[in-house]
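Dear colleague,

Please find below the sequence and the structure for your review. My findings follow directly after.

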Amino acid sequence: MSLTLSPALCRAARGLLDWTQEDLAHAAGVSRSTVRDFEKGRHDLHRASEEQILAAFDAAGVALIPPDGGGPGVRLAGSRG
């Protein structure tokens, strides 16, 4: 996926799934502190962690939407906006 995950997109995707940070960490195989610190802007994700998080969202049916003039977003895969 060419879209870079931002803290805001990560929170939005979790919200769409009604996942806690712990839920995402478990699904992605990363620590909760990795998710927490990334979402709070304390650090960027390592490439491997980002790929794991993106794969977890993809497996859960979340599609990340690239900027289309109004900014990036999230939706459930297969949904039409």
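A search of this predicted model as a whole finds one aromatic pair. Its members are Trp-19 and Phe-57, whose rings are stacked, with 6.2 Å from centre to centre and 25° between the planes. The pair links distant parts of the chain, 38 residues apart: Trp-19 lies in the loop between helix H1 (7-17) and H2, and Phe-57 lies in helix H4. With a relative accessibility of 1%, Phe-57 counts as buried, because the limit for that class is under 20%.

Phe-57 also takes part in the contact between helices H2 and H4. The axes of H2 (residues 21-28) and H4 (residues 47-59) come within 8 Å and cross at roughly 100°. Angles of 65 to 115 degrees count as roughly perpendicular, and H2 and H4 are therefore roughly perpendicular to each other. On the H2 side, the contact is made by Leu-24, Ala-27 and Ala-28; on the H4 side, Gln-52, Ile-53, Ala-56 and Phe-57 contribute. Of the residues in this contact of H2 with H4, six are nonpolar, one is polar and none is charged.

A further residue of helix H4 deserves mention, namely Ser-49. Its relative accessibility is 14%, so Ser-49 counts as buried. Apart from neighbours within four places in sequence, Ser-49 is in contact with Val-30 and Thr-34.

With kind regards

Definitions and conventions
Residues are numbered from 1 along each chain as its sequence is written. This is a predicted model: local features need pLDDT of at least 70, side-chain atom pairs count only at pLDDT 80 or more; totals for chains, interfaces and linings use all residues. Side-chain values use heavy atoms; hydrogens and water are left out. Axes are lines fitted to C-alpha atoms, for helices over the stretch in contact, and angles run from 0 to 180 degrees between N-to-C directions. Helices (H or I, at least four residues) and strands (E, at least two) are DSSP runs, numbered from the N terminus. Angles under 35 degrees count as roughly parallel, over 145 as roughly antiparallel, 65 to 115 as roughly perpendicular and the rest as oblique. Contact means heavy atoms within 4.5 Å. Ala, Val, Leu, Ile, Met, Phe, Trp, Tyr, Cys and Pro count as nonpolar, Asp, Glu, Lys and Arg as charged, and the others, Gly among them, as polar. Rings of Phe, Tyr and Trp (its six-membered ring) pair if their centres lie within 6.5 Å; planes under 30 degrees apart count as stacked, over 60 as edge-to-face and the rest as tilted. Buried means under 20% relative accessible area, exposed over 50%, partly exposed in between (1.4 Å probe, protein chains only).
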